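Please consult the sequence and the structure shown below while reading.

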Amino acid sequence: MVSVAELRSTIGSIVDPEIPVLTIDDLGILRKVESSDTTVLVTITPTYSGCPAMRQIEDDIAAALRRAGVEEFSIETVQSPAWSSDWISEDGRRKLAEFGIAPPTPLGEVVCPRCQAGHPEMRSRFGSTACKALMVCGSCGEPFDHFKRF
């Protein structure tokens, strides 16, 4: 049997279907991986309750477990405590910015990921996905997504 640490690493490296530069570990939605003699339990929390990517993430977790030789497993989605953008890792925040998506910040200030200017204009509360807003930089004029603070 594969160790829990190896399984967590394998599952944690699954790429988010909506933001392909982030893993589910970067996002902080992978909560727990537990193992008993007969089964593996994976616990995940969606970024928000209606996240359409969760079904794909569950399918990707199941496929990764099967590739690792695990046949008996369950995937539990928990809503409480609710996911927080604070759970995004520092590496994940860096990856978002490098990809052109302004990461959430503790104080809520948004900085353009291209030119680093502050105080962009919000064009839409929803960007390419419901967890992002569409912003336009007042300095360089470029549009960009901002991952909302939850």
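## Basis of the description

Contact here means heavy atoms within 4.5 Å. The model is a predicted one.

## Helix α3

Helix α3 comprises residues 54-67. Gly-69 follows α3 and has a positive phi, near 90°.

The buried residues of the helix are Met-54, Ile-57, Ile-61, Ala-62, Ala-64 and Leu-65. Because these residues cover an arc of only 165° around the axis, they lie on the same side of α3. Arg-55 and Arg-67, on the other side of the helix, are exposed.

The buried residues of α3 pack against two helices, α1 (4-12) and α2 (24-27), and against the strands β2 (40-44) and β3.

Is Ser-85 buried or exposed? Its relative accessible area is 0%, and a residue counts as buried under 20%; Ser-85 is therefore buried.

Leaving aside residues up to four places away in sequence, Ser-85 touches Arg-93, Pro-104, Lys-148, Arg-149 and Phe-150. With Phe-150 there is also a polar approach: a polar atom of the Ser-85 side chain lies 3.0 Å from the backbone nitrogen of Phe-150.

Definitions and conventions: Residues are numbered from 1 along each chain as its sequence is written. This is a predicted model: local features need pLDDT of at least 70, side-chain atom pairs count only at pLDDT 80 or more; totals for chains, interfaces and linings use all residues. Side-chain values use heavy atoms; hydrogens and water are left out. Buried means under 20% relative accessible area, exposed over 50%, partly exposed in between (1.4 Å probe, protein chains only). A polar contact is a pair of N or O atoms within 3.5 Å; within protein, one must be able to donate a hydrogen and the other to accept it, and residues adjacent in sequence count only if both atoms are side-chain atoms. Helices (H or I, at least four residues) and strands (E, at least two) are DSSP runs, numbered from the N terminus. The expected span of a helix is 1.5 Å times one less than its number of residues. The arc is that of the directions from the helix axis to the C-beta atoms.
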